[in-house]
Structures are given as structure tokens and as C-alpha cells.
Amino acid sequence: MTFKRMNQWMTFSQSFQNTREQELCAAERQDMAYPYPMPHCAYKAQCNACLGHDTAQDLGKTIARRLRHRPIARNKSPGAHCRRGL
């Protein structure tokens with residue numbers, strides 16, 4: 001249970017945790033019901049790796065291509081995009 005809470009703390013924002021407690025509790029119950037849980041030592045190692053991962057020195061090297069804006073074609077027939085398989 002402690003490891004699941006640590007995971008939620010690292011994964012979800014504070015506002016998400018404060019406003020969606022029921023979802024987090026449901027996910028926790030679902031995870032605890034899983035018959036083959038990850039060993040605690042492996043989970044702890046994974047958490048430590050996540051907490052210790054620091055890419056701040058590489059931020060200036062990151063290059064991301066900008067997506068070009070492509071206007072969406074408008075069709076007056078409702079649901080036409082579904083019929084075309086898009």
C-alpha cells in the first residue's frame with residue numbers, strides 16, 4: 001500500500017490527488033487485487049531510479065520539431081468522418 005501511494009504521489013499532480021481521491025482509491029484496490037504483484041525490492045528500485053533521474057543538464061540539447069498546423073476539412077454531413085473510416 002505504501003509503494004502504491006508513493007507511485008501516486010510521483011505520478012499525479014497535487015490538484016489531481018486532492019480532487020479525485022475516489023479514482024486513486026479504486027486504482028489502489030485494483031492493484032492490490034492483482035495476483036502477481038511486483039516484488040517490493042524491485043518496486044523500491046524503480047521508485048529510486050525515477051526520483052534520481054535528472055535530465056536538467058540535457059535540456060538545452062533537446063530539439064523538438066514543430067508540428068505544422070493543418071486545417072481540418074469541414075463536412076456538412078454529421079458523422080461523415082466516421083463513414084470514411086477516419
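R20 has a relative accessible area of 37% and is partly exposed. In this predicted model, R20 pairs with E23 in a salt bridge, with a distance of 2.8 Å between the closest N and O atoms. E23 is likewise partly exposed, at 42% relative accessibility. Side chains of opposite charge can pair when their charged atoms come close. The total number of salt bridges counted is one, so the 2.8 Å between R20 and E23, which falls within the cut-off of 4 Å, accounts for that count.

The chain as a whole contains five helices and zero strands. Read from the N terminus, the order of elements is α-α-α-α-α. The chain has 86 residues, and 10% of them count as buried. Its accessible surface amounts to about 8300 Å², and carbon and sulfur atoms contribute 57% of this area.

Confidence was examined next. The average pLDDT of the chain is 76, and 76% of the residues reach a score of at least 70. Residues 80-86 have a pLDDT below 50, and this stretch makes five contacts in the model beyond near neighbours in sequence. Where pLDDT is low, the predicted coordinates should not be read in detail.

Two aromatic pairs are present in the structure. In one of them, the ring centres of F12 and F16 are 4.7 Å apart and the ring planes lie at 15 degrees. The pair is classed as stacked because an angle of 15 degrees is under the limit of 30 degrees. F12 is partly exposed, with 31% relative accessible area, whereas F16 counts as buried at 17%. F16 is assigned to the buried class because 17% is under the 20% limit, while the 31% of F12 lies between the limits of 20% and 50%.

Y34 and Y36 also form an aromatic pair, with 6.1 Å from centre to centre and 80 degrees between the planes, an edge-to-face arrangement. The edge-to-face class applies because 80 degrees is over 60. Y34 has a relative accessibility of 48% and is partly exposed. Y36, at 64%, counts as exposed; the 64% is over the limit of 50%.

L24 is located in helix α3, which covers residues 21-33. With a relative accessible area of 9%, L24 is buried. When neighbours within four places in sequence are set aside, the contacts of L24 are with Q8, F12, F16 and Q17. Both members of the stacked pair, F12 and F16, are thus among the residues in contact with L24. The C-alpha atoms of L24 and K4 are separated by 9.7 Å in space, and the two residues are 20 positions apart in sequence.

The structure holds zero disulfides. C25 is partly exposed, at a relative accessible area of 25%. C41, in contrast, counts as exposed, with a relative accessibility of 62%.

Methods. Residues are numbered from 1 along each chain as its sequence is written. Side-chain values use heavy atoms; hydrogens and water are left out. Helices (H or I, at least four residues) and strands (E, at least two) are DSSP runs, numbered from the N terminus. Buried means under 20% relative accessible area, exposed over 50%, partly exposed in between (1.4 Å probe, protein chains only). Accessible areas come from the Shrake-Rupley method with a 1.4 Å probe; for residues, only the protein chains shown count as cover. A disulfide is a pair of cysteine sulfur atoms within 2.5 Å. Rings of Phe, Tyr and Trp (its six-membered ring) pair if their centres lie within 6.5 Å; planes under 30 degrees apart count as stacked, over 60 as edge-to-face and the rest as tilted. A salt bridge is a side-chain nitrogen of Lys or Arg within 4 Å of a carboxyl oxygen of Asp or Glu. pLDDT is the predictor's confidence in each residue, from 0 to 100. Contact means heavy atoms within 4.5 Å.
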